[in-house]
Amino acid sequence: EGRDSMARDVKGLFMNLRGVLELNATGNVVVVNADKLRSETIDYLVREAALNNNDDVKTAAQFLIRSAAISLGIIPASINDFYMARKTNAWENMTVPAVNIRADGYETARQVFRVVKERDIGAIILELAKSETRYSGQSVDEFTTVGFAAAIKEGYTGQVFFQGDHYQVDKKKYDKEPQKEIDTLKRFIRESILAGEYNID
């Protein structure tokens, strides 16, 4: 197997990562070669994480990207404390842009992080609406993974604010089966938080 084709299994995925990412004795991901990760390997990994038809490979690739991001100082966080600090005038004269990423997620998020670095923008929110998961074909796992990968590629470090946008019940479904619709929304919120979306709007 090579990087031009999809890995058939998790073993094949790891074979393609030799010398770049490794698991240590405790199962933690270690970035062995950050330059090679940014220059080429992350492009391969994000393709596996988003497009591989083998769910085991896709999950493993997503885990590796998230773990590598954290080890490189790219940290998923809630923007709540930042907003609370505004109430006490700890900061002023700025705004926090929120960008919905609906299409070509990796390239779009790369551009966001590139501009954030070039312009020293500071805080920015990457968000995906509940409805957008359907018509853009992105799961929340894929959305946050692609965001982490883009941050790695562009050499961004710092907190990343992922947000679930417009999380609300469907009125027609709620009118028919209210508890079922509430339970569905709760499950979706839980999945989103586990994926790294620490802000739910």
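Author: On a 1 Å grid over the protein atoms alone, a cavity is a set of points where a 1.4 Å probe fits but cannot get out, and its lining residues have an atom within 4 Å of a point. The structure shown is a predicted model, in which local features need pLDDT of at least 70, side-chain atom pairs count only at pLDDT 80 or more, and totals for chains, interfaces and linings use all residues. Residues are numbered from 1 along each chain as its sequence is written, and side-chain values use heavy atoms, with hydrogens and water left out.

Reader: Which residues line the largest cavity?

Author: The lining consists of Phe-113, Ile-124, Leu-126, Tyr-156, Gln-159, Val-160 and Phe-161. Strand 6 (residues 158-165) supplies the largest share, three residues.

Reader: At what angle do helix 3 and helix 7 pack?

Author: Helices are DSSP runs of H or I with at least four residues, and strands are runs of E with at least two. Helix 3 (residues 55-71) and helix 7 (residues 140-153) pack at about 45 degrees, their axes 9 Å apart. Helix 3 is therefore oblique to helix 7; angles under 35 degrees count as roughly parallel, over 145 as roughly antiparallel, 65 to 115 as roughly perpendicular and the rest as oblique.

Reader: Which residues of helix 3 make the contact?

Author: Contact means heavy atoms within 4.5 Å. Helix 3 contributes Gln-62, Ile-65, Arg-66, Ala-68 and Ala-69, while the residues from helix 7 include Phe-148 and Ile-152.

Methods
Axes are lines fitted to C-alpha atoms, for helices over the stretch in contact, and angles run from 0 to 180 degrees between N-to-C directions. On a 1 Å grid over the protein atoms alone, a cavity is a set of points where a 1.4 Å probe fits but cannot get out, and a pocket is an open set with protein on both sides within 12 Å along at least five of seven lines; lining residues have an atom within 4 Å of a point.
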